[in-house]
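I opened my notebook and went through this model piece by piece. Here is what I looked up, in the order I got to it.

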Amino acid sequence: MVAGGLPHQLVPVLLHELGVPVPPHIFFTWVVMAILITMGILVQKRVSMVPGGLQNFFEVIIGGLEDFVVANIGEEGRKVFTILATLFIFIWFNNLMGLIPGCDASTANVNTNAAMAVVVFLYYNYWGIREHGFGYIKHFMGPILALAPLMFIIEVFSHLARPLSLTLRLFGNIRGEEIVLILLFSMAPIVATIPMYFLFGLAKTIQAFIFFMLTMIYLKGSLEHAH
């Protein structure tokens, strides 16, 4: 229960009343997926040379992320940009869901974050093997041949710790923010909490960007040659 997201009265009751045997974090993940798919379809149907509305919104976000990835990884970054942008937008919308009264951020549940972290771990190692073949093992050997056996053990544990780090960082921050928000609601008038919404909105955006940036760094390491 500690890692199972915040206790939420409204959604579990509604799901139970509707006879839907789905945990709240899964339900809100589906809600975010439905929102993003709907927005994508709407943008696709109204693509124009002069962007406006949703098209402009997505072009600014995706264009900015793409420039950031190419600036840090190089042109090879375009190969992995799709999953990087998808992760950022998915996590961002899930984080913001927690700001809507009656809703919950699925990223405040450790299971959601663990699933994404495992995908990231498998994905960047897949690209490392795909780009370098058996030579990918050099990424785990360190720069000095004499220290290779020791470095291999250290690097293996370091890589295995990455999914845990990604999971707990996002979970701890989002869950902590939601607990603080609930405490503010219970201790202060609703009007007094409005400024905090802007602060938490910024914090949730930053947490999505941190997950995106760490994933980009792992992918950059797997794509470049070992020295």
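**Entry 1: helices and the overall layout**

Before I start, a helix here is a DSSP run of H or I with at least four residues, and a strand is a run of E with at least two. I also note that I am working with a predicted model.

I looked up the elements, and the protein has seven helices and zero strands. From the N terminus on, they read α-α-α-α-α-α-α. The C-alpha atoms fill a box of roughly 65 × 50 × 35 Å, taken along the principal axes. Of the 227 residues, 38% count as buried. I then checked contacts between residues at least 6 apart in sequence, and 72% of these join residues at least 24 apart.

**Entry 2: the UniProt spans**

The unreviewed UniProt entry lists residues 25–44, 80–98, 110–127, 139–158 and 179–200 under "transmembrane region". I looked at two of these spans in the model. Residues 25–44 are 100% helix and 0% strand, with the end C-alpha atoms 28 Å apart. Residues 110–127 are also 100% helix and 0% strand, and there the end C-alpha atoms are 26 Å apart.

**Entry 3: the nonpolar core**

Which residues have the most contacts inside the largest nonpolar core? I found Phe88 and Phe211, in a core of 43 residues. The elements giving two or more residues to this core are helix H2 (24–45), H3, helix H4 (77–97), helix H5 (110–132), H6 and helix H7 (190–223). H4 gives the most, with twelve residues.

I clicked on phenylalanine 211 to see its surroundings. Leaving out residues up to four places away in sequence, phenylalanine 211 touches Leu87, Ile91, Met116, Ala117, Val120, Leu166 and Leu170.

**Entry 4: a closer look at H3**

Then I coloured H3 by burial. Gln55, Phe58, Ile61, Leu65, Val69, Val70 and Ile73 are buried. Looking down the axis of H3, these buried residues fall within an arc of 155°, so they line one face of the helix. A reminder to myself: an α-helix has 3.6 residues a turn, so residues three or four places apart point the same way. On the other side of H3, Val60, Asp67 and Ala71 are exposed. After H3 comes glycine 74, whose phi is positive, near 100°.

Apart from its neighbours within four places in sequence, glutamine 55 is in contact with Val43, Arg46, Val47 and Ser48.

**Entry 5: isoleucine 174**

I moved on to helix H6 (residues 148–187), where isoleucine 174 is found. Is isoleucine 174 buried or exposed? It is buried, because its relative accessibility is 0%. Not counting residues up to four places away in sequence, isoleucine 174 touches Asn95, Ala105, Thr107, Ala108, Lys204 and Gln207.

**Entry 6: salt bridges**

How many salt bridges are there? I got six. I wrote down three of them.

- Glutamate 66 and arginine 78 meet through their side chains at 2.6 Å, N to O. Glutamate 66 lies in helix H3 and arginine 78 in helix H4, so the pair ties together parts that are twelve residues apart in sequence.
- Glutamate 75 pairs with arginine 78, with the closest N and O atoms 2.7 Å apart.
- Glutamate 76 pairs with lysine 79, and here the closest N and O atoms are 3.5 Å apart.

Shared partners join Glu66, Glu75 and Arg78 into one network.

Glutamate 66 is partly exposed at 26%, and arginine 78 is partly exposed at 40%. Glutamate 75 has 55% relative accessibility, and exposed means over 50%, so glutamate 75 counts as exposed. In the other pair, glutamate 76 is partly exposed at 31%, and lysine 79 is partly exposed at 40%.

Technical notes: Residues numbered from 1 in each chain as written. Predicted model: local features only at pLDDT ≥ 70, side-chain atom pairs only at ≥ 80, totals over all residues. Heavy atoms only, no water. Contact = heavy atoms within 4.5 Å. Buried < 20%, exposed > 50% of the residue type's maximum accessible area, 1.4 Å probe, protein only. Core = buried A, V, L, I, M, F, W, Y, C linked by side-chain atoms within 4.5 Å. Arc of directions from axis to C-beta. UniProt positions renumbered as here; feature names shortened; annotations may be inferred. Salt bridge = Lys/Arg side-chain N within 4 Å of Asp/Glu carboxyl O.
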